[in-house]
Amino acid sequence: SNSMAGMDHSKMDMETMEGHMSHDKVVSLNDSTGKNELKMPPVLESNNEKEVVYTVRAQKGETEIFDGIKTKTYGYNGAFLGPVLRLSKGDTVKIRLINELDEVTTFHWHGLEVPGKVDGGPHTVIKPEEEEPIEFKVTQEASTLWFHPHPKGNTAEQVYNGLAGLIYIEDDNSKSLGLPNEYGENDIPLIFQDKTFDDEKQLNYSAAMNEDGTIGDTLLINGTLNPKLTVKKEKVRLRLLNGSNARNYTFKLNTGDSFVQVATDGGFLNKPVTLKELSLTPSERAEIIVDFSQLNTEKGLALINENESILLPFEVTDQRGEDSNLPGEMNNFSITEEEMNLPVTKKVEFFGMMDKVTINGKKFDAERIDFTQKQGVTEVWEIYNKPDAMGGMIHPVHIHGTQFKIISRNGEAPPENERGWKDSISLKPEERVKIAIQFKDKGVYMIHCHILEHEDNGMMAQIKVE
Ligand code: C2O
Ligand code: CU
Ligand code: CU
């Protein structure tokens, strides 16, 4: 699937992709019956007024995903998934990281522009029973980011078991735009993850695991099985995170109605972009606004996937909510003439499948620095998804510690809804994407495929910023 706004979903791509994958890859998702009201992750509040002080604990637990059955899961500050960490631009943030698992883990802040030493990549391991304080300043604009573990070779299983949470950054702009912002009412986090449960309704990762990306038949949103969302007749902001190990989603409304995208991975778009469908590959985010005051609800409304499977039915009550207008201007994102004209200084080639995945022909080596870059200097990189004899597959490419700009996809300007800050991009086979990228801080950062099994299999390289 591609992320081209307003473009018809190309059948060719899906066939190429599915033809290439083993059987497990084409497992389709069960429809949500809408039996359970969507759970909202708790919001973590700081108990300190001068600075933001949080404790984040990786722990084991049991979760009642199926009625009356306890499933063994992992979570942050709870049994499954994690809280929403609220941050504001300018904050000094102190977090106590605690590992209560029986295995090593790391705490990675996906999308956050922080020094390499607190980024939580595979070098910053915390052993079982140990804890580590970190501190950083929030220097970037309002956005929806997330956090998850990143231990070398073991990211996929830990995320699959439930380690993932959201980060909301606010700033003066986000507070003045008048977008829906009542958490859990008209500002809704949606973490999409697909799982396979065994006969005992357990998450048996080694049984479910696929080297090319673990795909499940059961959708959980915010950890909720068969979710539905009850909303008023008003504009509702949905913060979508593809938190799956490997599955791509193309979101649509079952009625064919359009919705509006307002934010990319790392901030607001300059203007709302009207879409009928939106694709997100693993780790990508988007904020969209669905106007339930305008939609015909007689036939039942739902968010569906490209193949029509029902992801999230909506129950629209008769209550009218606030009647807000969408802002016309939301941001001042731009690609400068200078950035457009910079020569390509790094070429990064993603190639392979299963456990034979590489970047520039090499597998990850924690002892090897693959690229260097000067702090604060913008470079243009060209990222290429090299097809193989069987076609190849989509790789979602993610870079740590920064938000970057897409200059072009195959020489063309990116679609309107990708003209904003990104930290992850989908690359179809044979696709060539140019990005303008700089790092505000120093340290060692990762670039990798966000199909988590590909990451674990070594489709990851290191950038040293000095
Ligand atoms: Cu979501 Cu290396 O990260
Ligand atoms: Cu990341
Ligand atoms: Cu990949």
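Predicted model: local features only at pLDDT ≥ 70, side-chain atom pairs only at ≥ 80, totals over all residues.
**Nonpolar core and domain arrangement**

The largest nonpolar core comprises 110 residues. Within this core, the residues with the most contacts are Ile167, Leu190, Phe192, Leu240, Ile288 and Ile435. Strand β31, residues 443-449, is the greatest contributor to the core and supplies five residues. In soluble globular proteins, nonpolar side chains tend to be buried together.

With residues up to four places away in sequence left out, Ile435 touches Val380, Trp381, Ile383, Phe404, Lys405, Ile406 and Ile407.

The protein is divided into three parts: domain 1 (11-33 + 178-320), domain 2 (39-176) and domain 3 (337-465). The centres of domain 2 and domain 3, taken over C-alpha atoms, are separated by 24 Å. Domain 2 gives 19 residues to the contact, and domain 3 gives 18 residues. On the side of domain 2 that touches domain 3, helix α2 (residues 155-160) provides the largest share, three residues. The residues on this side of domain 2 comprise five nonpolar, 10 polar and four charged.

An unreviewed UniProt entry carries the annotation "domain: Plastocyanin-like" for residues 60-173, 194-294 and 341-465. Residues 60-173 are 7% helix and 39% strand. The end C-alpha atoms of this span lie 38 Å apart. Residues 194-294 are 4% helix and 53% strand. For residues 194-294, the end C-alpha atoms are 31 Å apart.

Terms used: Residues numbered from 1 in each chain as written. Chains lettered and ligands numbered in written order. UniProt positions renumbered as here; feature names shortened; annotations may be inferred. Helix = DSSP H or I, 4+ residues; strand = E, 2+ residues; numbered from the N terminus. Domains from an automatic or database assignment. Contact = placed C-beta atoms within 7 Å. Nonpolar A, V, L, I, M, F, W, Y, C, P; charged D, E, K, R; others polar. Core = buried A, V, L, I, M, F, W, Y, C linked by C-beta atoms within 7 Å. Buried ≥ 20, exposed ≤ 12 C-beta atoms within 10 Å, placed from the backbone.
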